[in-house]
Amino acid sequence: MKFLALEEWAAASAAYDADSPPYWHAKIVPDAFTALSGVLWSASYILMANSGFKDKSYAMPIYSLCLNIAWETVFGFVYRPGLLNQIVFAQWMVVDAFLVYTTVKYGRHQWRQQPMIANNLGLIMAAGIFLALSLHFAAAATFVPVIGRRVVPFTAWILQMFISIGSLAQLISRGHTQGHTLGIWYVSHLLRVLVQMVRLLKQD
């Protein structure tokens with residue numbers, strides 16, 4: 001198996017652009033949901049960053065943040081989905097910087113009972129992002145030749161489930177709501193539904 005499947009990605013993208021579906025909405029509707037999903041992702045990230053600074057905590061589970069940064073890198077700038085999507089991905093990564101900052105700066109307090117973690121959050125984040133990059137590159141190399149561009153919504157849906165489950169576990173383990181708000185939960189729930197709809201609509 002090749003490390004990158006860029007030729008297969010280029011072929012799938014060309015086929016998608018050249019395809020003439022029998023119904024006018026066959027591309028417009030999924031793309032519209034993708035755009036709306038991107039707006040909601042952005043809103044969720046901004047709300048998380050704002051809550052982190054306000055509560056001196058962090059909202060997104062560490063493993064989810066590592067997976068998201070890696071996903072945005074791989075499917076935003078290696079397997080490029082188009083200029084508009086690249087702009088959206090770049091904006092997400094700007095907000096990611098604030099999420100990483102709040103995690104490293106304020107996470108020490110959340111992990112004060114585990115000094116080894118509390119004192120090495122930066123290193124843990126770096127190692128987590130490296131591991132997540134490896135996983136996403138492997139997933140892309142494996143599945144792009146099989147399902148083409150659909151690997152993006154499929155993997156996004158899996159990451160969204162990880163965020164939802166991890167956030168619930170985080171609330172339970174912390175015993176308080178610092179770093180979280182109802183706004184984040186509303187956006188996240190709506191976002192999860194939209195991502196699932198995109199996943200279904202993009203299936204052949």
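Mentor: Gladly! Let's begin with a charge: the charged end of Arg 174 sits over the ring of Tyr 58. Keep in mind that this is a predicted model.

Trainee: How far is the charged end of Arg 174 from the centre of the ring of Tyr 58?

Mentor: A charge counts as sitting over a ring if, for Arg, CZ is within 6 Å of the ring centre and within 35 degrees of the ring normal. For Arg 174 and Tyr 58, the distance to the centre is 4.5 Å.

Trainee: Which helix gives the largest share of the lining of the second largest pocket?

Mentor: Tyr 58 and Arg 174 are among the residues nearest the centre of that pocket, which is lined by 15 residues. Helices H3 (62-78) and H7 (151-174) each supply at least two residues of the lining. The largest share is five residues, and they come from H7.

Trainee: Are the planes of Phe 3 and Phe 137 stacked, edge-to-face or tilted?

Mentor: The structure holds 13 aromatic pairs. In this one, the ring centres are 5.2 Å apart and the planes are at 35 degrees. Planes under 30 degrees apart count as stacked and over 60 as edge-to-face, so the pair of Phe 3 and Phe 137 is tilted.

Trainee: Is Phe 137 buried or exposed?

Mentor: Phe 137 lies in helix H6 (residues 121-147), 134 residues from Phe 3. Buried means under 20%, so Phe 137, at 14% relative accessibility, counts as buried.

Technical notes:
Residues are numbered from 1 along each chain as its sequence is written. This is a predicted model: local features need pLDDT of at least 70, side-chain atom pairs count only at pLDDT 80 or more; totals for chains, interfaces and linings use all residues. Side-chain values use heavy atoms; hydrogens and water are left out. On a 1 Å grid over the protein atoms alone, a cavity is a set of points where a 1.4 Å probe fits but cannot get out, and a pocket is an open set with protein on both sides within 12 Å along at least five of seven lines; lining residues have an atom within 4 Å of a point. Helices (H or I, at least four residues) and strands (E, at least two) are DSSP runs, numbered from the N terminus. Rings of Phe, Tyr and Trp (its six-membered ring) pair if their centres lie within 6.5 Å; planes under 30 degrees apart count as stacked, over 60 as edge-to-face and the rest as tilted. Buried means under 20% relative accessible area, exposed over 50%, partly exposed in between (1.4 Å probe, protein chains only).
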